[in-house]
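Take a look at the fold below.

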Amino acid sequence: MSAWFTRNRLIGLGFAAFIAVIDQLVKYYVTVTLGISRPGDKMELLPFFDLTYTENRGISLGMLEATSMEMRWLLVGLTALIALVVLIWMMREKAWGDILGLSMILGGAIGNIRDRFLLGYVVDYADLHIGTFRPFLIFNIADAAITIGVVIILARSLFVSEKDDNKTDETNVPAEI
């Protein structure tokens, strides 16, 4: 197996695909099976969690809202470019923790890019709240995976010491001399 496709990188690619598929399956379940498919449709599940359908036509926090077809395709291209950068970064990483975080970002990006490509917007439905206080915007599994992946990457960059150049990418044991 080439150095490009190590075991950890292949697992990372598989995990990214898993996140993208689960994201799409849950969106299908919410919108088709449960019928929560129009803006404002809502189903209370718990006192602090509802399924509330929204269409996010922007990117993170609704910024850069696509108000035209040109803007829609610009967002598709921009997010696809970011996903490509994350993929290349992931394929260059050696540490499992970094690969894990990047695979979560990549999987979430793929799920949201697919929505934007096919629908022109991203389907969001997870509404976490405490009474009327909403600590988060309505989100989906892809958004959660991206957020967790970013937190992992940030935490590792802040709290994990520099990588030892004398270690291999798979086992973290000293390399042969």
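Trp 73 counts as partly exposed, because its relative accessibility is 38%. The cut-offs are simple: buried means under 20% relative accessible area, exposed over 50%, and partly exposed in between, with a 1.4 Å probe and protein chains only. This is a predicted model, where local features need pLDDT of at least 70, side-chain atom pairs count only at pLDDT 80 or more, and totals for chains, interfaces and linings use all residues. Residues are numbered from 1 along each chain as its sequence is written, and side-chain values use heavy atoms, with hydrogens and water left out.

Trp 73 sits in helix α2. Helices here are DSSP runs (H or I, at least four residues), numbered from the N terminus.

Now turn to α3. Is it enclosed or open? Of its 24 residues, 17 are buried, so α3 is largely enclosed by the rest of the structure. Its length also checks out. At 1.5 Å a residue, the 24 residues should span 34 Å, and the end C-alpha atoms are 34 Å apart, which agrees. The expected span is 1.5 Å times one less than the number of residues. After α3 comes Gly 120, with a positive phi near 90 degrees.

Helix α1 covers residues 7–33. Its 27 residues should span 39 Å at 1.5 Å a residue; the end C-alpha atoms are 37 Å apart, which agrees. Which residues of α1 are buried? Among them are Asn 8, Gly 12, Ala 16, Ile 19, Asp 23 and Val 30. Gly 35 follows α1, and its phi is positive, near 75 degrees.

Conventions:
Helix = DSSP H or I, 4+ residues; strand = E, 2+ residues; numbered from the N terminus.
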